[in-house]
Amino acid sequence: MLALGVAASSGCPPIWTAEDASRTLGVSAASPDNEKPGSAAPRVGVLAGQVVEQTPPLGGPSHRLIEFEGAAAGETLMFRLHARDASGQLLTVALFDEHMCVLVRTQLRDDGALAHALRRDCQAVLVGLAGAADLLERIEVSVERRPGVALMTTAPQAVWLNFAGADELVVGDELPISFAAFDAADLGGAYGGETGYIKQVIVETLRARYADYAVDITTSDDGPPPAEAHATIHFGGQHATLLGKAQWIDRYNSHPDDQAIVYTSSAAKYAGMGLRPDEMGRLLGNTGAHELGHLLGLYHTLGGESIMDASGGVWELAGERRLGRDPLDVRVFPTGFDDAPRVLAETVGLRPGVALQAARLRTSSEPWPDGVLRRQCSACSEAGLFAAAQPPVPGGAAGVAAERWRRALTFWRAQSARMPPASPR
Ligand SMILES: [Zn+2]
């Protein structure tokens, strides 16, 4: 979901339930009581966890990070919460790799469980819990490790941009909406007659943002929807507070046939700001790229250039945006990052001839090499990290981002002192 000029609370994502996690991960995420007897693979062992960070929040919920030993791609990790005096209260649970890049994030009850099949080798797996401080005090986490499961495979994604209107369309939990074919005049009188050009900018913007990934974008002007499973992004209609909405956050893309909408007529309220037609086209294209990011599993991040940032203004959205590795929006989790290039590489795959590191370098303001934390920390100088988050305005999104970079850096330093070097991949 993407909103401009509205309170943070109106943004997405919707809170996930354990049922959502089960659907999205493609593996069981039932509470222990509901688990079918005999359905579990043999247990390989319970990993001992160690609390490595317990930080007072920046105005968000309290959180705790518990580090477990690493595991290999293809292994399934079953995380269980054990609460003293369990009351069914919800808390946010996020799993991170050793770089503090999020693997998956969900909401669980205080006696819930989450199974996650690893797509990447992890030198360490960290469980993040966020919620009321008194609840966190009562929670312990256990992890069981199970050998290989059938992984969801990396598969290219077809995307169809619908400019032709829709009838009684339902996206997510929004009311049904009907609208006619996209007409730039709906954006404001100044854009009448620019329909073809603005559509062209929208398509070019979306293709540019996903240029490194196996995402094939066609439109209703090219012909009917593709025969294969495809994501649809509708352009049209109006919403009181939102510019766009995705059906859900489909981590690892278990639903390649989902949909999103960009409420083009909602952009009319910015017509008075004098955006040129190309800027208006980019605003709508970047909004579409943001919603597509959700359909491919990306969470909200912070940073004015990030496509997945949901706190920027009109001019950021009308400019250049990128899919990079950025700090998570505090509403997703109070610490950590989402490494969009890596998630997309694991989900839809890279375009032939594109290397992950090249995709990252094109979209990140500082290098982020594969390998051990120790090398990352020396490669990403403190100055570089702070430059990426400037200017730190107290209380503003950039200030929060800067503070989170600083905390993440402190955490990496502590981690790197303990983490043995690994062979380069
Ligand atoms: Zn969003």
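## Packing of H3 and H4

Helix H3 (residues 195–209) packs against helix H4 at an angle of about 45°, and their axes lie 8 Å apart. Axes here are lines fitted to C-alpha atoms, for helices over the stretch in contact, and angles run from 0 to 180 degrees between N-to-C directions. H3 and H4 are therefore oblique to each other; angles under 35 degrees count as roughly parallel, over 145 as roughly antiparallel, 65 to 115 as roughly perpendicular and the rest as oblique. The crossing of H3 and H4 is right-handed, meaning that the near helix is turned clockwise from the far one by less than a right angle.

On the H3 side, the residues making the contact include Tyr197, Ile198, Val201 and Arg209. On the H4 side, they include Pro277, Met280, Leu284 and Ala289. Two residues are in contact if their C-beta atoms, placed from the backbone, lie within 7 Å. The residues of this contact divide into nine nonpolar, five polar and three charged. Ala, Val, Leu, Ile, Met, Phe, Trp, Tyr, Cys and Pro count as nonpolar, Asp, Glu, Lys and Arg as charged, and the others, Gly among them, as polar.

## The model

This is a predicted model, in which local features need pLDDT of at least 70 and side-chain atom pairs count only at pLDDT 80 or more, while totals for chains, interfaces and linings use all residues. Residues are numbered from 1 along each chain as its sequence is written.

The protein has ten helices and 19 strands. Helices (H or I, at least four residues) and strands (E, at least two) are DSSP runs, numbered from the N terminus.

## Helix H4

H4 covers residues 277–295, and its end C-alpha atoms are 27 Å apart, which agrees with the 27 Å that its 19 residues should span at 1.5 Å a residue. The expected span is 1.5 Å times one less than the number of residues. In H4, 16 of the 19 residues are buried. Just after H4, glycine 297 takes a positive phi of about 100°.

## Two residues with positive phi

Methionine 100 has a phi near 65°, positive although the residue is not glycine. Methionine 100 sits in the loop between strand S6 (90–96) and strand S7 (102–109), and is buried, with 24 other C-beta atoms within 10 Å.

Glutamate 168 has a positive phi near 55°. Glutamate 168 belongs to strand S12 (residues 166–169) and is exposed, with 8 other C-beta atoms within 10 Å.

Technical notes: Buried ≥ 20, exposed ≤ 12 C-beta atoms within 10 Å, placed from the backbone.
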